[in-house]
Amino acid sequence: MKQNTVVIGLTGQTGAGKSTVGESLLRRGAAWVDADLIAHDVADNEKVCLADLALEFTIDILNVDGTLNRKKLADIVFHDKAKLRRLNEIIFPYIIRAIEAELARAGRRAPLYCAGCPDPVRERL
């Protein structure tokens, strides 16, 4: 990342306006790193992460093609705070590494960049 790079972190609940503010900054020359998209990409494409999730929550959370079945995982974790906490413990390190890598790439492109992060990810950065 450039030495004089400015980082703006946009956090908040779904629908809080992170993307709207980020798009406005993007039009003004900032780089935009969308942590929500990165999190989805990790869950969909990071095979080691998927394997860790399947080991914890059984292979029932995987579709036949090996991709994450979000509905099945949600049915397991969103009714049990301990399981949700465990999901976060497993997936957040993968998400944070991917965000950090993208922030490093973005920092080479622009003197200012912002990252839209859902609150649970922000708490771990």
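These legends accompany close-up views of a predicted model.

**View 1. Overall fold of the protein chain.** The predicted chain holds 6 helices and 3 strands. From the N terminus on, the elements run β-α-β-α-α-α-α-β-α. Of the 125 residues in the protein chain, 38% are buried. Among contacts with a separation of 6 or more, 67% join residues 24 or more positions apart. The chain exposes about 7,600 Å², and carbon and sulfur atoms supply 54% of that area.

View 2. Helix α1 spans residues 18-27. Its buried residues are Lys 18, Gly 22, Ser 24 and Leu 25. Seen down the axis of α1, these buried residues fall within an arc of 160 degrees, so they line one face of the helix. An α-helix has 3.6 residues a turn, so residues three or four places apart point the same way. The face of α1 turned away from the buried side carries Thr 20 and Arg 27, both exposed. Gly 29 follows α1, with a positive phi near 105 degrees.

**View 3. The largest nonpolar core.** This core has 25 residues. Those with the most contacts inside the core are Val 42, Leu 53, Phe 57, Leu 73, Leu 87, Ile 91 and Ile 95. At least two core residues come from each of β2 (31-34), α2 (35-45), α3 (47-57), α4 (70-77) and α5 (81-109). Helix α5 gives the largest share, 10 residues.

**View 4. Surroundings of Val 42.** Val 42 is one of the core residues with the most contacts inside the core. Leaving aside neighbours within four places in sequence, Val 42 is in contact with Cys 49, Ile 91, Tyr 94, Ile 95 and Ala 98.

View 5. Phe 57 sits in helix α3. Its relative accessibility is 6%, so Phe 57 counts as buried; the cut-off for buried is under 20%. Not counting residues up to four places away in sequence, Phe 57 touches Leu 73, Ile 76, Val 77, Lys 83, Arg 86, Leu 87 and Ile 90. Phe 57 and Ile 76 are 19 residues apart in sequence. In space, their C-alpha atoms are 7.9 Å apart.

**View 6. Arg 97 and the ring of Tyr 94.** Arg 97 lies over the face of Tyr 94. The distance from the ring centre is 5.1 Å. As for aromatic pairs, the structure holds 0. Tyr 94 is also among the contacts of Val 42.

Methods:
Residues are numbered from 1 along each chain as its sequence is written. This is a predicted model: local features need pLDDT of at least 70, side-chain atom pairs count only at pLDDT 80 or more; totals for chains, interfaces and linings use all residues. Side-chain values use heavy atoms; hydrogens and water are left out. Buried means under 20% relative accessible area, exposed over 50%, partly exposed in between (1.4 Å probe, protein chains only). Helices (H or I, at least four residues) and strands (E, at least two) are DSSP runs, numbered from the N terminus. The arc is that of the directions from the helix axis to the C-beta atoms. A nonpolar core is a set of buried Ala, Val, Leu, Ile, Met, Phe, Trp, Tyr and Cys residues joined through side-chain atoms within 4.5 Å. Contact means heavy atoms within 4.5 Å. Rings of Phe, Tyr and Trp (its six-membered ring) pair if their centres lie within 6.5 Å; planes under 30 degrees apart count as stacked, over 60 as edge-to-face and the rest as tilted. A charge sits over a ring if NZ of Lys or CZ of Arg is within 6 Å of the ring centre and within 35 degrees of the ring normal. Accessible areas come from the Shrake-Rupley method with a 1.4 Å probe; for residues, only the protein chains shown count as cover.
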